[in-house]
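Here is a friendly briefing to read with the model open beside you.

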Amino acid sequence: MIIVAGARTLKEAEWLFANGAGEVYCGLPDLPNHRRNALSVKDEAELFRIIDLAKKNAGKSLLLLNQSWAPGDYPRFTEKVKRIVARGVDGLVVKDLHVIDYLRGRGIKSSYILSSLAMAFNSHAVALFREYGIKRFILPYHLTPEEALGIIKSKPRIETEIFYYPGHFCQNVDPLCKFCDWSRDYKPCKISLRSGSGPFLMPAPDLPRMADIMYEGHKAGVKYLKIPRTLDFDGLKKFIKDAVSLINLLDKGVSKENFRLRYKDVFVSDKV
Amino acid sequence: MKTGIILNGRPLPGKNPGLKADMIYLGSEFCQNLLPGPAEFGRALKLFGKPIVLVTPFLTDALFPDIETIIRKHAGKKNRLEIVANDLGLVHLAAKKYSSVTSLSLGRLLADFLKPATDAFLEKFFSKNGIERVETDSPELLHRYARLKNLACTYHIPYAHMAVTRYCPWENHWVGEGCRHACLGKSKKLAEPRLRQPLLLMNCGYFAEDGKLPKSGRIDRIVYSPSVNR
């Protein structure tokens, strides 16, 4: 499995390429990318340095475009993307059919990677996105590798990617959850609610089930493992160390039970 | 103004409950385990004696054979099957294989997902894919789609969707891992002092209650959702 890790700075990208990552992905604060600005690279100049670094390391760099654009922003965002593609970024991670359609219509040739936020849960949806030029498919959080077997093993093959995210798992399907943009200091998906039968927490898969996603994904032939961006560089290093160790175990044919046991000890962070 | 009522597809009542609606919305926009199978769909047509709209959520590959069987058995050129589609894969398949026998309505989840697109893109996409109607449940969603000509609008009352999950909140597993239908006949009111109003959990959807019907000349169908999953 190739590790695809989020980087916020050239320093992070350097460490990532030296420690097991084959690709890095970045957001820019003025191109919507589904996370707060602190998780983005500070500016285009830094992104260009990361693109150059990726090439020097025989790796790849990807640009995140996984949040919707307001129609009025299309022309200036597209100019920016054109510049970045010309500079050599290797792929664009996209979510919206209309954005992909617009970019391709303006002659922007790149490797289009379908974001996990794109609401594609089956082979027919992937076939639709393939008509728009998608070359790689990131499984949505809420689609297990077992359910996605038809996509992973499709002919012609499409590259597939899953998330590594032991510290956090959205309770609900992103990006359709209205609790995500909750403008208050709490989110209903993260607090204890009262129901007639006692306290209620919106459930999410536990660590063993998260381990199963990685185990089954590897077994099915998923090629890429996506490591989240984090506000904490030390945390990122621990994510990578754990991911490399887990991939090694999978490559050696570890049993599901033993993999779950090892997964219990992974580093967990809330700074993502 | 036509009316509809939502019923999930499993199980069907034993006899016609005499529902006062012009049509039955059969299935679920929020959980694939509440879809009628081909046999249930056929039974529903005889049982209710009213038009049945097939209501579907996000779909994994495993669900498509049954849906295609329903289309092949119960849809025809003179009697097109109306399907509420929340899945881009189903939209794509219906357009490629079943465009002459189906009529698609954009479900609430897919309507939310596509709402940021330009009007020009949506008009082209809807025309290419046989989407003739949109389901809405909030003034915001309704007004967004009311900008498009040639698109009929349904409004769902009294609940507006807030979130959907594929990790079953009733049985604590993925919806594809086997379902005991623990949610049937139930819903959960979820409260917390900081919430302005309680949320309602019904099958795999979380909802807020807002019974008001917006003033809009574009609504030509109102669909009522019961307060429990039935």
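In this predicted model, B:N203 counts as buried, because its relative accessibility of 7% falls under the 20% cut-off. B:N203 sits in the loop between β10 (199–202) and β11 (205–209) of chain B. Its phi is near 40 degrees, a positive value in a residue other than glycine. That is worth a look, because most residues other than glycine have a negative phi.

**Backbone spots to look up**

- A:A58 also has a positive phi without being glycine, with a value near 55 degrees.
- You will find A:A58 in the loop between α2 and β3 of chain A.
- Is A:A58 buried or exposed? A:A58 is exposed, with a relative accessible area of 74%.
- In chain A, a cis peptide bond links A:D174 to A:P175, with omega at about 10 degrees.
- A:P175 belongs to the loop that runs between β7 (159–163) and β8 (193–195) of chain A.
- Chain B has a cis peptide bond between B:R10 and B:P11, where omega is about -5 degrees.
- The loop between β1 (2–7) and β2 (23–27) of chain B holds B:P11.
- As background for these bonds, most peptide bonds are trans.

**Two prolines in chain B loops**

- B:P13 is found in the loop between β1 and β2 of chain B.
- With a relative accessible area of 28%, B:P13 is partly exposed.
- Apart from neighbours within four places in sequence, B:P13 is in contact with B:R43, B:L47 and B:F48.
- B:P13 and B:R230 are 217 residues apart along the chain, yet their C-alpha atoms are separated by 9.4 Å.
- B:P57 lies in the loop between β3 (52–55) and α2 (64–74) of chain B.
- At 2% relative accessibility, B:P57 counts as buried.
- Which residues does B:P57 contact, once its neighbours within four places in sequence are left aside? Its contacts include B:S28, B:E29, B:F30, B:C31 and B:Q32, and B:L35, B:N86 and B:D87 are also among them.
- The C-alpha atoms of B:P57 and B:L34 are separated by 9.4 Å, and the two residues are 23 apart along the chain.

**Helix α1 of chain A**

- Helix α1 of chain A covers residues 10–18, and its buried residues are A:L10, A:E12, A:A13, A:L16 and A:F17.
- These residues cover an arc of only 155 degrees around the axis, which puts them on the same side of α1(A).
- The face turned away from that buried side carries the exposed residues A:K11 and A:A18.
- What do the buried residues of α1(A) pack against? Their partners in chain A are the strands β1 (2–6), β2 (21–26) and β3 (60–65), together with the helices α2 (44–56) and α8 (233–251).
- After α1(A) comes A:G20, which has a positive phi near 120 degrees.

**Chain A as a whole**

- Chain A has nine helices and 10 strands.
- Its radius of gyration is 18 Å, close to the 19 Å that the globule rule gives for 272 residues, so chain A is as compact as a globular protein of that length.
- Taken along the principal axes, its C-alpha atoms fill a box of roughly 55 × 45 × 40 Å.
- Of the 272 residues in chain A, 58% are buried.
- Counting contacts between residues at least 6 apart in sequence, 67% of those in chain A join residues at least 24 apart.
- The accessible surface of chain A is about 11,000 Å², and 51% of that belongs to carbon and sulfur atoms.
- Chain A carries 43 positive and 31 negative side chains, and the centres of the two sets lie 1 Å apart.

**Chain B as a whole**

- The secondary structure of chain B consists of six helices and 12 strands.
- Chain B is as compact as a globular protein of its length, because its radius of gyration of 17 Å is close to the 17 Å that the globule rule gives for 230 residues.
- The box filled by its C-alpha atoms is roughly 50 × 40 × 35 Å along the principal axes.
- Buried residues account for 60% of the 230 residues of chain B.
- With 34 positive and 21 negative side chains, chain B has the centres of the two sets 4 Å apart.

Conventions: Residues numbered from 1 in each chain as written. Chains lettered and ligands numbered in written order. Predicted model: local features only at pLDDT ≥ 70, side-chain atom pairs only at ≥ 80, totals over all residues. Heavy atoms only, no water. Helix = DSSP H or I, 4+ residues; strand = E, 2+ residues; numbered from the N terminus. Rg over C-alpha atoms; globule rule 2.2 N^0.38 Å. Buried < 20%, exposed > 50% of the residue type's maximum accessible area, 1.4 Å probe, protein only. Contact = heavy atoms within 4.5 Å. Areas by Shrake-Rupley, 256 points an atom, 1.4 Å probe, with all protein chains shown as cover. Lys, Arg positive; Asp, Glu negative; His and termini not counted. Charge placed at Lys NZ, Arg CZ, Asp CG, Glu CD. Arc of directions from axis to C-beta.
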